[in-house]
Amino acid sequence: MPQKSALIFYGGWEGHEPEACAKVIDTMLRNENFNTERVEGTDCLAREDLDRFDLIVPLCTQTSVEKDALDNLVAAIAAGTGLGGFHGGMGDTFRMEPAYQFMVGGQWVAHPGNIIDYRVNITKPDDPVVEGIGDFDYHSEQYYMHIDPAIDVLAETTFTGEHAAWIDGVKMPVVWKHRYGKARVFFSALGHVADEFKVPQMYEIVRRGLMWAAR
């Protein structure tokens, strides 16, 4: 089987430890026999051969991007290059770019209470990305997101209202996948910092999700 290729681009807000997370993903993909390129910044999205990658993993939070580079990324994904990632590195990459958010399937808007304990509930236990994992407790930011109703939700969390009374009982997607053009797109809201990859359920969901998304 030909070796698959992946581009990991990282940067932006340092609170999400983009370089450390990029190294974790790099190692993860290399262990799955991927040929990887790990690049800081978004200039790489303008390269003419972007569509040769089987998978692109964004790890930038609150960054800006040139229009030509964004158009190039969207075209590559629509043509079949997989897109996968997690937390703000993918869910809050380009806050001012609706075309990117449409492709991802959602956009971060809040994490009431900041770092808290919450429960992740698997909603499609027969899906290969989450099969056998089961519900689990998690300690991190509980992401509140604006989401595309067309996404295929694999896991969700329920807000208690303790930190924002008006969202008591709201069920929010945590892990999803969907299609964009010819591509597969995967997202997990888990993974505020690199240390969270020590949580086996979080690590395995991301690993399986990226494998699924890759062309």
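**The largest cavity**

The largest cavity is lined by His16, Pro18, Cys21, Leu59, Thr61, Phe86, His87, Gly88, Gly89, Gly191 and His192. Two or more of the lining residues come from each of helix H1 (18–31), strand E3 (55–61) and helix H3 (87–91). H3 gives the most, with three residues. Helices (H or I, at least four residues) and strands (E, at least two) are DSSP runs, numbered from the N terminus. A cavity is a set of points on a 1 Å grid over the protein atoms alone where a 1.4 Å probe fits but cannot get out, and lining residues have an atom within 4 Å of a point. The space in the largest cavity is about 50 Å³.

This is a predicted model: local features need pLDDT of at least 70, side-chain atom pairs count only at pLDDT 80 or more, and totals for chains, interfaces and linings use all residues. Residues are numbered from 1 along each chain as its sequence is written, and side-chain values use heavy atoms, with hydrogens and water left out.

Let me turn to glutamate 156, in strand E9 (residues 152–158). Glutamate 156 is buried (under 20% relative accessible area).

Finally, glycine 134 lies in the loop between strand E6 (115–122) and strand E7 (136–141). From glycine 134 to tryptophan 13, the C-alpha to C-alpha distance is 32 Å.

Technical notes:
1 Å grid on protein atoms, 1.4 Å probe; cavity = no way out; pocket = protein on both sides within 12 Å on 5 of 7 lines; lining within 4 Å. Points joined across faces, edges and corners; volume = space filled by probe spheres on them. Buried < 20%, exposed > 50% of the residue type's maximum accessible area, 1.4 Å probe, protein only. Lys, Arg positive; Asp, Glu negative; His and termini not counted. Salt bridge = Lys/Arg side-chain N within 4 Å of Asp/Glu carboxyl O.
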